[in-house]
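Me: Please take a close look at one part of the structure shown here, and describe how it is built into its surroundings. Kindly state the cut-off behind each term.

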Amino acid sequence: GTSAARTRSAVLERQILEDPGRFRILTGDRPTGRLHLGHYFGTLHNRVRLQDLGVELFVIVADYQVLTDRDVADRLTEHVEELVLDHLAIGVDPERSTVFTHSAVPALNQLLLPFLSLVSVAELNRNPTVKDEIAHSRQSAVSGLMFTYPVHQAADILFCKANLVPVGQDQLPHLEVTRTVARRFNDRYGSGTAVFPEPDALLSEAPLLLGTDGTKMSKSRGNSIALAAGADETARLIKGAKTDSERHIAYDPAGRPEVSSLLLLAALCQGRTPEEVADDIGSAGAAALKRTVTESVNEYLAPIRSRRAEYARDRAYVLRILREGNERARAVADATLAEVRAAMNSRY
Ligand code: ATP
Ligand code: MG
């Protein structure tokens, strides 16, 4: 569960500081719109922080996965470019890190076939995140892609033998699927040596940031604050956020989730604890809390937003980064697929 993953994340943080070269990260997002503060404090910030510590970083733009809960990949090119812009803006460095699109790496996707054979339908059925996403989906029927996407993610992570995956809390069940697939593949085909690592999830201090309606901040729920949003738009969204009627502001995530998530957001932007932020506000009420959050967020995001606007003027550069990233990812995937085929005895 989450508390075990938090404990494990603390151990990993120490190991990363000791020897960043031991780790390789794979993580990514679906190109379904602009990234938001939930992404940022849930995983994006860790991507950049660890990149800067010397951990190798792969970022997948999961374009096929758009179709898990949508009929068509609407405005796909635009959304893919938005994702790249968001990553450049927060400091992902394409010289050191690889940003690539899922659909451009056929060998990665070929791993799906042996991987699917390693999990049972009953196991896929039990996945709580898939259940939740189906409940929030606009589609009436559950597609095979939705049902199997945790296995696709296993291929996304294992194709480059990543051992570290900075994610939000909703991804923990999927990481378990990836670990299971890796373990079973190694047991069945490894003949004593591990072909794949069993990757660890790395949680941030905000593994589940709430949106303005008090549920998980999510692109598809219309409750998010985009990194690229304007300062006024941000103010308006935060003003409309759900809180409670108690005037005294205190950090109590279990009892007062909405107020606490806002406090956490301000705290992360200010580099302080949510309790300190709460003490500042005292009994000034939700309106004062929202003013603090708005100021903190806008101040924190200002340099990110201006870098993003600059990169947005150079579309050719964005496309070049993807072309180069795709090429690097293809070379890595080809090597892994060759190993997998050899392990499975397809030597022709
Ligand atoms: P969609 O609504 O299209 O599914 P999403 O907002 O749920 O989008 P994903 O692309 O599914 O975002 O998630 C990308 C990454 O961001 C995952 O690692 C996920 O755990 C993390 N993440 C997303 N939302 C949050 C959140 N509210 N708090 C913390 N982490 C989050
Ligand atoms: Mg999601």
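Reply: The domain bounds used below come from an automatic or database domain assignment. For the protein chain, this assignment gives domain 1 (2-208 + 315-343) and domain 2 (229-312). The model is predicted, and local features need pLDDT of at least 70, side-chain atom pairs count only at pLDDT 80 or more, and totals for chains, interfaces and linings use all residues. Residues are numbered from 1 along each chain as its sequence is written, while chains are lettered from A and ligands numbered from 1 in the order in which they are written.

Five of the six residues of E2 are buried, that is, 20 or more other C-beta atoms, placed from the backbone, lie within 10 Å of their own, whereas 12 or fewer make a residue exposed and values in between partly exposed.

E2 pairs with strand E1 (residues 24-29) in parallel over six bridges; pairing requires at least two DSSP bridges between the strands. Among these bridges, Glu56 of E2 is the partner of Arg24. Together with helix H2 (residues 37-53), E1 and E2 make a right-handed β-α-β unit; right-handed denotes a clockwise path from the first strand over the helix to the second, with the strands pointing away from the viewer.

Strand E3 (residues 98-101) also pairs with E2, again parallel, through four bridges, and Val59 stands opposite Val99 in E3. The chain reaches E3 from E2 through helix H3, in a β-α-β crossover that is right-handed. Asp71 is exposed because its count is 9 other C-beta atoms within 10 Å.

Eight residues of domain 2 are in contact with 11 residues of domain 1, contact meaning C-beta atoms, placed from the backbone, within 7 Å. On the domain 1 side, H2, H3 (76-90) and helix H14 (315-343) each give two or more residues. H3 supplies the largest share, five residues.

Finally, H2 gives the most to the shell around ligand 1, with four residues.

How values were computed: Contact = placed C-beta atoms within 7 Å.
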